[in-house]
Amino acid sequence: MELNSYQQEAFNYQRPNIEKFSKSNLLWIVFFLLWILVGLYALYLQIAHGHVVTGMRDNVVWGLFIVNFIFFIGLSYAGAIISGLLHLFKVPWGKPIIRLSQMMTITSVIVGPIFILLCVGRFDRLHHLFIYPRLQSPMTWDVLAILTYFVGSALFLYISMIKDFAVYRDTKMDIPKWKQKLYKTLAIGYRGAASQKRHLIISQNLLAIIIIPLSIMVSSILSWIFGMTLRPGWHSTIFGPYFVLGALYSGCGVLIVAMWAYRKMYKLQDYFTDKLFVNLGYFMMVLAAAYGYFTFSEYFTSWFGSAKWDADVINKLFSLQEYGWWTLFANLFGILVPIAIVAIPATRKVNWITLASFAMVMALWVKRYLIIVPTLETPALPMQDTRMEYVKYTATWPEWALTFAGIASFLLLFTLISKLVTVVPVSELEEPLHQHNHQHEPVVVNNEAIQTV
Amino acid sequence: MKQHGEVNENSRRNFLKNAAIATVVTATCGSLACSCSSKNSTVSKKVRLLSPDGEIVEIDSAYLNYQEHIAIVSKMEERQGIPGKRFVMVVDLALCKNARKCITACQKHHYRPEDTEWLTVKLMKDSDEGAPYWFPKQCFHCDNPPCVKVCPVDATFKRQDGLVLIDNDRCIGCKFCMAACPYSTRVFNWAEPELNSDIKDLPYSAETGIPAKVGTVEKCDFCPDRTKEGLLPPCAEACPNGVFYFGDENEDTVSNGSETVSFTQLIKDRAGYRFLEELGTKPRVYYLPPKDRQFPVERGYENLPDKLKERFKDIMEPISSKS
């Protein structure tokens, strides 16, 4: 595999990351494994005693697990759309992050469905989904959708990595024999020949073209699990596009945070440049505006009409004794703060943008919670139940433990993948076209020269 | 090189051939062994008894230990339903005084604990000035059931006799049906249910719902095990006021235990309606409006134990303080 000098430089710089585990790598891995262990204990409790150990009861039948499921699967769909778009538009500044978004795609599509399996009452009967499927059910659509999508995105990730695997195979690296063999197998004999190159390019383009509409479709199917029920707050025609946009938006946020984490961990400032953060920040800002528009549309329409059906849920969302503060948090940090931070030049910096993204990701998790739980707490018939746990949903420690175990698994997978492949893909890397001059040109404001970075 | 290739190919061919033969032989032997060793469970033991008329009769020994809840139907029959019937229920809201005998009868018949209410009585107050009324609600066995629509494994199903049942041998406990039902009619076995020794070893049937299984969904089933014997469901029988009329739409008769009337006539005369008709689920339970009530609504509240009073306090206290 031939690399040009810029790509070779990128590879040499990142080689140590895949050759050995640093101390901080090991510490993080142990930390994540501990969380996963706690989660496994909680899982054991749930299997042994039944779902009574969770906070879910007859009214709020879906809780934290479904919120996490939507959250992670949304990240996955976003990763596919972003990497597909970046690949098709062939933007040079986007090359470093294609792999990152593909990694996010795969790790979330592994972690997300685990949560939905946790929500199912009879673990031992999951095969019924495949031997007695009922095609009319939105849940069957979701099972088919996720399986199809998993295969597609795994293929997309793998094919995009073949060239890099060839580079690793051809370089004499300080790695154990099994790893050398692994690279050799995964590179499936790619030598850079013209016909091989052509095959690779065609496959990648095809997959990118397929995965974008596939991603939008599966994201809509996910939303229709809620949208197709007769519940206020769920039975909304906007749900399909709303979930697609929400997924894309939160995926963008997680991408920025992941970029920042890797930049810090592996000192990748030259590849995950400040300009890249700003570009992604702009992208995030546009998505925030769109998401804000959809959210406002939903709430305003429900609030303005007099139907009791909608009014009950809206009142619950905005009443300060109930979910009002959470609604405020979710919309403030989910929509307004990211827009403000990217719009104001003074805060359009790497650390600020990352902070805004992190807060936004939290806020969007809360937003998913606000979609699921308040609706289930307002059924058409009065609950008239004296058992508090049946009236109001409160997540129990096993649910939280499993939530954090899921997050830990997500982060663990990210860490482990970064030990297998370089985070910045080297074989497709393009040297940025002398943007440095443009970047360092000072901007004069109020007789003071301010450096835009 | 060619020779080497030939040798390779031949050995691979041989290997595949041998493997195929081995598989076929194993499969045949295995299936033969299975069929030879399976118990001949279809041959039933017959017993000779003396009938009340003085005749000697031979009956299947399974009927000797007949327990009320064995619904001797196959899975296929369970899903098809009782031919020629279309069950329907009419609830007379003018007569309900929240005696709750229906609830205890239902729980007793299905061996359910006190806090599991397949049938529940709500206190409805439709508007600020409107009068509150007691509203018994069980499953409506809708003709366009939103729960059946969403079940991913076909565990809940609609039968030709109108009933919507749940097969808890198949249910995976995803609770999509519970989220989809707008009438909050389904309940879930969150913990391992405490099973009475009578029913613990009974074979499970969707028509009885016994024994309950953890991690599955349950709801009112219109008691097909009772209707097959020509009896009314326990709720209809236990009600002291005859609130529940249960019957067959095909025969156009419904009965509440003391009187049998024409279903269509009853609905026409008393302006029967269905709850939340606009949802389009087509319930099979009709309600007769609470007009000319037999009892004041307080009658159903005064003598309740405190735990139950808590449920309706918000509605009843303002009314009691006014009077």
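In what order do the five strands of the open sheet of chain B run? The views below answer this for a predicted model, in which local features need pLDDT of at least 70, side-chain atom pairs count only at pLDDT 80 or more, and totals for chains, interfaces and linings use all residues. Residues are numbered from 1 along each chain as its sequence is written, and chains are lettered from A and ligands numbered from 1 in the order in which they are written.

**View 1. Open sheet of chain B.** The strand order is S12-S11-S10-S3-S13, with mixed pairing; strands (E, at least two residues) are DSSP runs numbered from the N terminus, as are helices (H or I, at least four). Two strands pair if DSSP finds at least two bridges between them. Strands S12 (260–262) and S13 (285–288) of chain B are the edges, each pairing on one side only. From one strand to the next the twist averages 25°, with axes fitted as lines to C-alpha atoms and angles running from 0 to 180 degrees between N-to-C directions.

**View 2. Strands S3 and S10 of chain B.** S3 (residues 87–92) and S10 (residues 244–248) pair in the antiparallel sense over five bridges. B:Tyr245 in S10(B) is the bridge partner of B:Val90.

**View 3. Kink in helix H6 of chain A.** H6(A) is kinked by about 40°, centred on A:Ile162; the bend is the angle between axes fitted to the seven residues ending at a residue and the seven starting there.

**View 4. Contact between chains A and B.** Chain B gives 37 residues and chain A 33 residues, contact meaning C-beta atoms, placed from the backbone, within 7 Å.

Note on methods. Two residues are in contact if their C-beta atoms, placed from the backbone, lie within 7 Å.
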